[in-house]
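This briefing sets out selected features of the structure shown below, grouped by topic.

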Amino acid sequence: MRLADLRGEVETALNRSLASAMDRLRGAAPRLGDLARFVEGLNRGGKRIRPLLVLTGHRLLTGDHEPAMGPALATELLHLCALLHDDVIDAAATRRGQPAFHVSVADRHRAADWPGDAEAHGRAAAILFGDLALVLADEAFFASSLPADQLIVAHRVFSVMKEEVMRGQYLDVEAAARGTASVDEALAIARDKSGRYTIRRPIEIGASLAGAPPAVLAAVGSWAEPLGVAFQLTDDLLGVFGDASVTGKDPTTDLREGKRTVLVAETLAAVDAHVAERFNALLGDVERDDDLAWMRQTIEDSGAAAAVRARVRALVDASRRALAALDALDLDPTGVTLLREATDELADRTS
């Protein structure tokens, strides 16, 4: 089995699960049909990293992934919630190469010539549908034939995952509001907001569903922790230097929103006071293309981009060493192969 085969299974199951939920919504209130369609559109195009890792974590100990499909889908529905809410928080115009959900709802409001504030309506709808996705995530988690005690143990990890991502997201917002974050603070945000949320907790959920002993949980954690941070640091680089046609996101968004990423913290730590003052003044309040170009060039010239790229390489190397150590454990060979493939995919990502 290859990762692409597993991704295909996730895609089929996720589409079926979400379609069923949206059909319930349409049946209860036909006026919600357009919004259900917007949700289904937003769901298309994801990488499905989290459910893939849940399934792989279960397979490592059992040689089977099917019983973990419900909890795997739950992690993707949680991610759908996060996307809906994040796009409101960030005032993002696009997601996955199409209008963000709140933008689509606002456009629908204007097209219908309804009274009131179209943007406020769009934001409210995105918040509420994000909440709905969170409810659907818990529903999906327990849609499994696994024993209740194993589901409860794994659901505790799922709860930690939710707490960490919400905590990390708030600290990210607060850092932007304060207008400052050290490299260490930015790394901590990267770990909670994305690293553990994307890599570590999903693999631990899958392993916990299979009754993994502490030694196995520690081993997969050692693989996942550095790779998760590397994933977010790569995301930060793509958020400034990425190709929108590949990432589906505007590469000026992070600078326009004033994100206090590790990339920004490294830049401000490396430049002189005069450059730092101008950079800080523009961060979150930049409009002109030449100012954006200056900020990008400053990030490169300061050595910050090179420092973050080097940090990513070191973290990926640490993850690969931890992966090699898994060979000493009695784990399913196909599961280990899937982890190797996932490591390569996550380490070399361009979107």
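Glutamate 341 is found in helix H16, which covers residues 333–347. In this predicted model, the relative accessible area of glutamate 341 is 18%. Glutamate 341 therefore counts as buried, since the limit for that class is under 20%. Beyond residues up to four places away in sequence, glutamate 341 touches Arg2, Leu3 and Ala4.

**The largest cavity**

- The lining of the largest cavity consists of Leu3, Arg7, Ile49, Leu52, Leu53, Ala342, Glu345 and Leu346.
- Two or more lining residues come from each of helix H1 (3–28), helix H3 (49–62) and H16.
- By class, this lining comprises six nonpolar residues, two charged residues and no polar ones.
- Leu3 is one of the residues lining the largest cavity, and Leu3 is also among the contacts of glutamate 341.

**The second largest pocket**

- The volume of the second largest pocket is about 170 Å³.
- Its lining is made up of Thr234, Leu237, Leu238, Phe241, Arg309, Val312, Arg313 and Arg349.
- Both H9 and helix H15 (304–325) supply at least two residues of this lining, and H9 gives the most, with four residues.
- The lining of the second largest pocket has four nonpolar, three charged and one polar residue.

**The largest nonpolar core**

- The largest nonpolar core has 99 residues, of which Phe101, Ile205 and Trp223 touch the most other members.
- Helix H9 (residues 214–241) gives the most to this core, contributing 12 residues.
- Setting aside residues up to four places away in sequence, isoleucine 205 touches Val54, Pro71, Thr75, Phe141, Ala154, Val157, Phe158 and Met161.
- Phe141, one of the residues touched by isoleucine 205, is itself among the buried residues of H6.

- Helix H6 (residues 118–141) has 24 residues, and its first and last C-alpha atoms are 35 Å apart, close to the 34 Å expected at 1.5 Å a residue.
- The buried residues of H6 are Ala118, Gly122, Ala125, Ala126, Phe129, Gly130, Ala133, Leu136, Ala137, Ala140 and Phe141.
- The elements covering these buried residues include H1, helix H2 (33–43), helix H4 (69–89), helix H5 (101–111), H7 and H8.
- Helix H7 (residues 148–178) has 31 residues, which should span 45 Å at 1.5 Å a residue; the distance between its end C-alpha atoms is 44 Å, in agreement with that value.
- Just after H7, glycine 179 adopts a positive phi of about 80°.

- Most residues other than glycine have a negative phi.
- Arginine 48 is a residue other than glycine with a positive phi, near 65°.
- Arginine 48 lies in the loop between H2 and H3, and its relative accessible area of 1% places it in the buried class.
- Alanine 91 likewise is not a glycine and has a positive phi, of about 50°.
- Alanine 91 lies in the loop between H4 and strand E1 (94–95), and alanine 91 is exposed, with a relative accessible area of 63%.

**Two further buried positions**

- Glycine 195 lies in helix H8 (residues 183–209) and is buried, at a relative accessible area of 3%.
- Apart from neighbours within four places in sequence, glycine 195 is in contact with Ala190, Arg200, Gly228 and Val229.
- Glycine 195 and aspartate 86 are 109 residues apart along the chain, and their C-alpha atoms are separated by 16 Å.
- Leucine 292 lies in helix H14 (residues 289–301) and counts as buried, with 2% relative accessibility.
- Apart from neighbours within four places in sequence, leucine 292 is in contact with Thr252, Leu255, Arg256 and Val286.
- The C-alpha atoms of leucine 292 and proline 251 are separated by 10 Å, the two residues being 41 residues apart along the chain.

Technical notes:
Residues are numbered from 1 along each chain as its sequence is written. This is a predicted model: local features need pLDDT of at least 70, side-chain atom pairs count only at pLDDT 80 or more; totals for chains, interfaces and linings use all residues. Side-chain values use heavy atoms; hydrogens and water are left out. A nonpolar core is a set of buried Ala, Val, Leu, Ile, Met, Phe, Trp, Tyr and Cys residues joined through side-chain atoms within 4.5 Å. Buried means under 20% relative accessible area, exposed over 50%, partly exposed in between (1.4 Å probe, protein chains only). Contact means heavy atoms within 4.5 Å. On a 1 Å grid over the protein atoms alone, a cavity is a set of points where a 1.4 Å probe fits but cannot get out, and a pocket is an open set with protein on both sides within 12 Å along at least five of seven lines; lining residues have an atom within 4 Å of a point. Grid points are joined across faces, edges and corners, and a volume is the space filled by probe spheres set on the points. Ala, Val, Leu, Ile, Met, Phe, Trp, Tyr, Cys and Pro count as nonpolar, Asp, Glu, Lys and Arg as charged, and the others, Gly among them, as polar. The expected span of a helix is 1.5 Å times one less than its number of residues.
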